[in-house]
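I opened the model today to look up two neighbouring positions. My notes follow.

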Amino acid sequence: MLHLPVEEISAALLKREALGSTGTGGGVAIPHARVPGIGKPFGMLVRLDKAIDFDSIDGRKVDVVFLLLLPANVQGEQLSALAAVARTLRDPEMVQRLRRAADDAALYRAIID
């Protein structure tokens with residue numbers, strides 16, 4: 001996968017989160033950070049069994065998380081990866097499909113359809 005120390009990734013995410021919460025509302029968060037050593041965007045979609053406080057803009061707890069790691073030298077196409085994720089997860093119908101997905105395969109199908 002990434003072959004980077006977890007501490008390096010965690011530090012980058014915490015540094016970004018200190019600028020302001022990436023909890024976008026509606027029970028969704030998109031934590032993201034620039035991380036040296038990553039050659040292209042890396043994303044991971046997670047649906048949590050139990051919602052967590054994420055200091056979201058609407059105060060709602062988060063149960064859908066899309067982690068996005070970007071190369072340190074972010075270029076236009078990489079920034080558009082963040083915009084595409086945000087646009088997709090802004091759709092309440094999409095978020096409900098993700099929440100209803102019965103398993104990992106269904107979750108994957110829901111996000112790519």
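Is S21 buried, partly exposed or exposed? I looked up its relative accessible area and found 24%. Buried would need a value under 20% and exposed one over 50%, so S21 counts as partly exposed.

The model is predicted. The chain has an average pLDDT of 92, and 95% of the residues reach at least 70. Strand β2 (residues 28-29) has the highest confidence, at 98. Helix α2 (residues 76-89) has the lowest, with a mean of 85.

Then I placed S21. I find S21 in the loop between α1 and β1. Setting aside neighbours within four places in sequence, I listed its contacts as F54, D55 and S56.

One of its polar atoms lies 2.6 Å from the backbone oxygen of F54. The backbone oxygen of D55 is 3.0 Å from a polar atom of that S21 side chain.

I also took one C-alpha to C-alpha distance.

I moved on to T22. This residue lies in the loop between α1 (6-19) and β1 (23-25).

What does T22 touch, not counting residues up to four places away in sequence? I noted R16, E17, V28, A29, I30, P31, H32 and F54. F54 is also on the contact list of S21.

Methods. Residues numbered from 1 in each chain as written. Predicted model: local features only at pLDDT ≥ 70, side-chain atom pairs only at ≥ 80, totals over all residues. Heavy atoms only, no water. Helix = DSSP H or I, 4+ residues; strand = E, 2+ residues; numbered from the N terminus. Contact = heavy atoms within 4.5 Å. Buried < 20%, exposed > 50% of the residue type's maximum accessible area, 1.4 Å probe, protein only. Polar contact = N/O pair within 3.5 Å; in protein donor to acceptor, adjacent residues only side chain to side chain. pLDDT = per-residue confidence, 0-100.
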